[in-house]
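Hi there,

Here is the structure I promised to pass on. Have a look at it first, and my notes follow below.

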Amino acid sequence: VMNGDWWAYRNRKKLSLDLVEPMRAASEHVIAVAPMMFVNAEVSFQNRKLASVQTMGTSPDYAMTSSVEMGQGRFLTQADVDNRSSVVVIGAEIGKVLFPGINPVGHRILVDRRPYRIAGVIVERGTLLGQNVDLVVMLPYTAFQGHFGTQRDVTLVLAVDQQENVPRVQDRLTETLRRER
């Protein structure tokens, strides 16, 4: 939420992956911090293709920050991030379109013409603000950077243990971000 001078917001430093651990350490109430990087890419399996699919690089913490529920398989792991694994988690709509009638887990898809093994499928979530959130491919942010480059904007999302702790965490994060950036 932007309050105050637009120019101050416009000129602030961008977020980076270096802030993940300081944000996690800012408060004992922070239970997860997930980086997110985005690009639209073509996704295909055999002769089926989907153009301009939201492709996100993230970490295992994303499952907690966004209440991701797996329908099949598993979500990304820290080992996937550490090893820059060529694995993806796909949204339910991708599974329906590219794999009608079969379990996609374990199959290889092409994301922007590079192969990735499907580790899991997220349960159907529907639409948000008119956008189908089931048309998504998620991969470890390290693999994302290796594929799409490191010069992408980073968004950081976090989860707090209890709603009443949010104001305290906001104060601590403000201090942390001022110090670290």
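A word on terms before the details: a residue is called buried under 20% relative accessible area, exposed over 50%, and partly exposed in between, using a 1.4 Å probe and protein chains only. By that scale Lys 96 is partly exposed, with 46% relative accessibility.

Please keep in mind that this is a predicted model, in which local features need pLDDT of at least 70, side-chain atom pairs count only at pLDDT 80 or more, and totals for chains, interfaces and linings use all residues. Residues are numbered from 1 along each chain as its sequence is written, and side-chain values use heavy atoms, with hydrogens and water left out.

**Salt bridges**

The structure holds five salt bridges, each being a side-chain nitrogen of Lys or Arg within 4 Å of a carboxyl oxygen of Asp or Glu. Lys 96 takes part in one of them: its partner is Glu 124, and the closest N and O atoms are 2.8 Å apart. This pair joins distant parts of the chain, with Glu 124 in the loop between β6 (114-122) and β7 (127-128) and Lys 96 in helix α5 (residues 92-98), 28 residues apart. Helices (H or I, at least four residues) and strands (E, at least two) are DSSP runs, numbered from the N terminus. Glu 124 counts as exposed at 52% relative accessibility.

Arg 74 and Asp 80 form another salt bridge, with 2.7 Å between the closest N and O atoms. Here Arg 74 is partly exposed at 29%, whereas Asp 80 is buried at 5%.

In helix α2 (residues 20-25), Glu 21 and Arg 24 lie three residues apart, about one turn of the helix.

A pocket is an open set of points on a 1 Å grid over the protein atoms alone, where a 1.4 Å probe fits, with protein on both sides within 12 Å along at least five of seven lines; lining residues have an atom within 4 Å of a point. The second largest pocket has about 410 Å³ of space, a volume being the space filled by probe spheres set on the points, which are joined across faces, edges and corners. Of its 20 lining residues, Gln 54, Met 56, Tyr 62, Arg 125 and Val 133 are the closest to the centre. Strand β2 gives the largest share of the lining, six residues.

Best wishes
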